[in-house]
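Welcome, and please open your viewer.

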Amino acid sequence: MRTHARKTATGKSESRGTTSRPPEIGSALGLASTRTLDVVHEIQHGLPFESFEQFQAHTGMPLGQLSAWIGVRDRTLARRKREGRLQPNESDRLLRAARLYASVLMMCSGDGALAATWLGAPQRGLGGERPLDLAATEVGTAAVEALVGRVEHGIPG
């Protein structure tokens with residue numbers, strides 16, 4: 001569970017839970033706007049390839065791991081780079097990955113290396129599956145998000 005420390009009247013540090021939202025995913029993808037309708041429009045037209053590169057830089061994940069997560073083969077990814085734009089379905093999966101990463105990053109108190117490690121490690125709360133493997137689908141992403149929520153609230157997974 002992510003906590004914040006604060007000073008009490010006696011000057012001692014006290015921890016308390018938080019229910020704050022995950023960090024904005026727009027900055028991780030380089031989106032001009034985070035308004036829902038603007039994001040939907042961008043997804044429908046395909047995100048610029050720079051969004052993928054920016055997300056990779058933000059997460060520090062290897063190219064192959066990230067492309068597998070969003071379901072784009074290496075040769076297709078190279079073609080998208082030349083074209084300068086992802087397809088709408090690829091853009092939607094990239095946005096889903098960024099949303100999940102933001103949640104895991106928050107759970108890990110902003111530690112990007114820990115978030116990437118957690119995503120790539122088998123989790124008991126997911127039947128021993130790796131979150132990255134399950135998160136290749138919307139249903140799997142929902143299961144991972146549910147586990148993140150349980151962990152943040154101190155419920156054993």
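In which helix is histidine 58 found? Select histidine 58 and you will land in helix 3. Before you go on, note that this is a predicted model, in which local features need pLDDT of at least 70, side-chain atom pairs count only at pLDDT 80 or more, and totals for chains, interfaces and linings use all residues. Residues are numbered from 1 along each chain as its sequence is written, and side-chain values use heavy atoms, with hydrogens and water left out.

**Stop 1: the whole chain**

Colour the protein chain by secondary structure to find nine helices and two strands. Helices (H or I, at least four residues) and strands (E, at least two) are DSSP runs, numbered from the N terminus. Followed from the N terminus on, the elements run β-β-α-α-α-α-α-α-α-α-α. Of the 157 residues in the protein chain, 37% are buried; buried means under 20% relative accessible area, exposed over 50%, and partly exposed in between, with a 1.4 Å probe and protein chains only.

**Stop 2: histidine 58**

Return to histidine 58, which counts as partly exposed because its relative accessibility is 41%. Not counting residues up to four places away in sequence, histidine 58 touches Ala28, Tyr101 and Leu105 (contact means heavy atoms within 4.5 Å). Now draw a C-alpha to C-alpha distance from histidine 58 to alanine 98: the two are 40 residues apart in sequence and 9.7 Å apart in space.

**Stop 3: methionine 61 and leucine 63**

Select methionine 61 next, in the loop between helix 3 and helix 4. Is methionine 61 buried or exposed? Methionine 61 counts as buried because its relative accessibility is 3%. Leaving aside neighbours within four places in sequence, methionine 61 is in contact with Gln56, Leu66, Trp69, Tyr101, Ala116, Leu119 and Leu132. Its C-alpha atom is separated by 9.6 Å from that of glycine 112, 51 residues apart along the chain.

Then move to leucine 63, which lies in helix 4. Leucine 63 counts as partly exposed because its relative accessibility is 41%. With neighbours within four places in sequence set aside, the contacts of leucine 63 are Phe52, Gln56 and Leu77.

**Stop 4**

Centre on phenylalanine 55. Apart from neighbours within four places in sequence, phenylalanine 55 is in contact with Ala28, Leu29, Leu66, Trp69, Leu94, Ala97, Ala98 and Tyr101.

**Stop 5: helix 6 against helix 7**

Finally, select helix 6 and helix 7. Here Leu100, Tyr101, Val104, Leu105 and Met107 in helix 6 meet Gly112, Ala115, Trp118 and Leu119 in helix 7. By class, this contact has eight nonpolar, one polar and no charged residues. Ala, Val, Leu, Ile, Met, Phe, Trp, Tyr, Cys and Pro count as nonpolar, Asp, Glu, Lys and Arg as charged, and the others, Gly among them, as polar.
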